[in-house]
Amino acid sequence: MKFAWIDIRCVEESRREGVVDAAIHAGLAGVVDAGLEVLRTLPPTVQKVLVVGRDGVLEPEAADVADVVLTEVATVAELDKLRLVAADAPARHGAFVDVVDDPTLRLACAAAQQLEHTLVKFRDPTKIPLEIVIAAADKSPGRLICEAADLEEAGIIVDVLEKGSDGLLLAAKDANDVFGLDSLLQASTPDLELTTLTVQSIEHSGLGDRICVDTCSHFEKDEGILVGSYAHGFVLCVSETHPLPYMPTRPFRVNAGTLSSYVLGADNRTNYLSELQAGSTVLGVTADGRTRRIVVARVKLESRPLLTVRATSDDGVEVSLALQDDWHVRILGPGAKVLNCTELKPGDKLLGYVATDKRHVGWPVGEFCIEK
C-alpha cells in the first residue's frame, strides 16, 4: 500500500486549513511544511514532515515537533554530511533532491540507497529519471517519495516500472485534490474468489457478433478476463497466449464473447463488451484470483458462428456465455487448465466468478432482477 504526504508550503493561506483538515480526514500519512506553525497542531496520527534548506539549520523546537526532517541536498558532500547527522536517528532524517541533470540524478540514487527517506523532484516531464531511481532503490529498506505536480501525474507515478515510488508528495490546491489523491491510492484491485463451474450443455447458436478485446498488456498464460451473458455469473476467458496451429499467438488479446456479454471491471462494475473502446479498462484475472487493471487498445466486432455454453456453480447458480464457435477460442478450468470451447462437454469443469449483486448500468444494486 502506497502512502501520500500533502505539501502545504505553497498552498494559499485561505485554503491551508481546509487542505490540512482534508488530509487528516482522509487518513493520509503526513503533512509537509517549511515551518513548525501548522505541524505542531497536527494530531499524532499524521506524520509531521519538515523541509529545511541546504544549510540544514533547524528551528529550536524542530526536534520536539517534526517526525521527519528532510534536508535539501545538491552535492555529494552535502549528502555525506546528512548521512552523518542521520546516523544517530535514521528514521528522523532524509534528503530532498531536485533532479535537474545527471549528477543530481546520481545523487538521488545514492540518497535512496542510503537514507530512510528520500524525496525527489524532477524538473523534466520524462519519467526515465524516476525509473532509474526506483531501480536503484529497489533493494534498499528506505522509502522513496516522488513529488507530483498534479493528480494526473500522481496517477502516472504510481505505475512507473509497475511499482512506482513508495510514496507520493502532492501540493494540493484545495481539499478536492486531497480526496482525489486518497481515491487514487485506494485504486488497487482486490483478489477475487473464483468458483468452479460445471458445464451443463453446449449448443451451436448460429451467426452473431462477437468481440475480441485487444489490450495494452501482455497477459500471463493463466490470465484472462471474466465474461458472462448474465451479470451475476462470469466465465474466465483466457487470452491468446497459448500456441495454436495456423496462426501466431496474440498475448494481448482475449476472444471474449458477444457484444451483449458483460465483462467485469474494477470497482465491481460491469460493462457490455459493446461499450468498450480504446482507453477503456477491464479487469485482468488469473486462475488463482489475482487481479489487475488493464487498458483496452481496441475492440474488434465481427460476425462469426456462435456457441452457447451453460454451466452451474456448486450451489446451483446458472452461468451462461456465448462464444465464437471455433477451436482456438479458449477458457480456463481449475488448475489453469486451458480448454478449447468446441471440445467442451457436460460435466467439464470451468473457472468462473459468481456475483450476488444485481446490476443497473453496470453498478451493483439491491433490486429484484431475473436473467435467463
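A salt bridge is a side-chain nitrogen of Lys or Arg within 4 Å of a carboxyl oxygen of Asp or Glu. The views below come from a predicted model, and a search of the whole structure finds 20 salt bridges in it.

**View 1. Salt bridge between Asp177 and Lys173.** The closest N and O atoms of Asp177 and Lys173 are 3.1 Å apart. Asp177 has a relative accessible area of 11% and is buried, because buried means under 20%. Lys173 counts as exposed, at 51% relative accessibility.

**View 2. Salt bridge between Asp214 and Arg253.** In this pair the closest N and O atoms are 2.6 Å apart. Asp214 and Arg253 are both buried.

**View 3. Salt bridge between Asp288 and Arg290.** Here the closest N and O atoms are 3.2 Å apart. Asp288 has a relative accessibility of 51% and counts as exposed, because exposed means over 50%. Arg290, with a relative accessible area of 43%, is partly exposed.

**View 4. A network of salt bridges.** Arg210, Lys300, Glu302 and Arg304 belong to one network. The residues are joined by salt bridges that share partners.

Note on methods. Residues are numbered from 1 along each chain as its sequence is written. This is a predicted model: local features need pLDDT of at least 70, side-chain atom pairs count only at pLDDT 80 or more; totals for chains, interfaces and linings use all residues. Side-chain values use heavy atoms; hydrogens and water are left out. Buried means under 20% relative accessible area, exposed over 50%, partly exposed in between (1.4 Å probe, protein chains only).
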